[in-house]
Amino acid sequence: MSVVTRTRPLAKMAAPMVSRAVGISSVRAFSGTPRVQNKVTVVGAAGGIGQPMSLLMKLSGKIDHLSLFDIVNTPGVAADIGHCNSKGKVMGYKGAEEMAASLDGSDVVVIPAGVPRKPGMTRDDLFNTNASIVKGIAEQCAKSCPKACFLIISNPVNSTVPIFAEVLKASGVYDPAKLMGVTTLDVARAKTFVAENQGMDVDKVEVDVIGGHAGTTIMPLLSQVKGANFTEEDIKTLTHRIQFGGDEVVKAKDGAGSATLSMAHAGAYFAEKVLDGLNGVKGIKECTFVESPLTSAPFFASPCTLGTEGVSEIHGYGQLSPFEQALVDENVPALVKMSQKGIDFVKNN
Ligand SMILES: NC(=O)c1ccc[n+]([C@@H]2O[C@H](COP(=O)([O-])OP(=O)(O)OC[C@H]3O[C@@H](n4cnc5c(N)ncnc54)[C@H](O)[C@@H]3O)[C@@H](O)[C@H]2O)c1
Ligand SMILES: O=C(O)C[C@H](O)C(=O)O
């Protein structure tokens, strides 16, 4: 299906530092200290997303050490989740002075820290608050766990991922294969809405969503959905609903925040896939927002193969319909701008 399948240039890939075969417990962390296998840290763990996502991660049974960091309330959240009778140790860390300990030895750091939208706001309206939160988190990650995979949930993703990249670059520890903006909720919405529209089994629907994570930069490739038969009207309505699914939740919550439960599900799912890839599971392909050669936007979401060092292959988006091509043409300049906003923020702060 893909006419353009580009593999990430090898020069961009970091040399493997550690072996990650499943069950090898003698692997050592970058810092030289022994690391617990499969350590995942959630930064923003006491929040609306952080709490249910941490719970789902604990229940997955795939994480040996679940580290919960926030500036408030994490001791309680960790004590609570820690009583669930599934595999894995849970530790809570609160406040700046405990952040390094929470991150040390992490394989994956999932970041839903920052403020959510209220009705009438765009994701970009969160920039002023969340840019500095994400920058601070990136600075500590660069020191404490530079080899981890970083999964960014905090909005606006189209700018916070570039911010994170710039901070890691400034510290000389940036590995583009290990920095991913989480766009899994867009894929989840696409699958849900397509299944409803087509009367398909939601477990069997596959929809790639490319571009970014804000409004029209969210671009579902409905022309490529196998087994679907859309009218032109379906395509327009579904595309719009997927692009503005976040607004639907913000409006329904009426001032009480944005999507938390569906995001928790999507975030836990994506983190598990990244962890599976690190542990050598083959053939994992998920859409994610990464540094990408596919368009003139520095970061772009597309299907990516997840491997032992993070993103091992960035796939092309295949043959687009004229409707989808027009969306890409329209939205790449917006993605370039949002990326540049993040880059400039780091340069000037
Ligand atoms: N990528 C996506 O698809 C997606 C989906 C939903 C929400 N989001 C975004 O996720 C973010 C969090 O949403 P939420 O509903 O969980 O918000 P929330 O306010 O409920 O929780 C955010 C948490 O972050 C914590 N926090 C703030 N500064 C921090 C710091 N410096 N270090 C650690 N923790 C810190 C807060 O204490 C709070 O517990 C928002 O920016 C939201 O827009 C993204
Ligand atoms: O809509 C939001 O602000 C939160 C999130 O990005 C979403 O897509 O639900």
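The model described here is predicted.

On its other pairing, strand 1 meets strand 2 (residues 65-70), again in the parallel sense and over five bridges, with F69 of strand 2 as the bridge partner of V43.

| Partner of strand 1 | Bridges | Sense |
|---|---|---|
| strand 2 (residues 65-70) | five bridges | parallel |

Strand 1 (residues 39-43) is largely enclosed by the rest of the structure, because five of its five residues are buried. In a regular strand the side chains alternate between the two faces of the sheet. Here K39, T41 and V43 point one way while V40 and V42 point the other way, and all of them are buried.

N229, by contrast, counts as exposed, because it has 7 C-beta neighbours inside 10 Å, and this residue sits in the loop that links strand 8 (218-220) to helix 7 (232-243). From C-alpha to C-alpha, N229 and N38 are 42 Å apart in space, with a separation of 191 residues in sequence.

Turning to the ligand, the residues surrounding ligand 2 are P116, R117, R123, N155, L185, G246, V249, V250, S258 and A259. Helix 8 (residues 245-253) supplies the largest share of this shell, three residues, and by class the shell around ligand 2 comprises five nonpolar, three polar and two charged residues.

Methods: Residues are numbered from 1 along each chain as its sequence is written. Chains are lettered from A and ligands numbered from 1 in the order in which they are written. This is a predicted model: local features need pLDDT of at least 70, side-chain atom pairs count only at pLDDT 80 or more; totals for chains, interfaces and linings use all residues. A residue is near a molecule or strand if its C-beta atom, placed from the backbone, lies within 6 Å of it. Helices (H or I, at least four residues) and strands (E, at least two) are DSSP runs, numbered from the N terminus. Ala, Val, Leu, Ile, Met, Phe, Trp, Tyr, Cys and Pro count as nonpolar, Asp, Glu, Lys and Arg as charged, and the others, Gly among them, as polar. A residue is buried if 20 or more other C-beta atoms lie within 10 Å of its own, exposed if 12 or fewer, and partly exposed in between; C-beta atoms are placed from the backbone. Two strands pair if DSSP finds at least two bridges between them.
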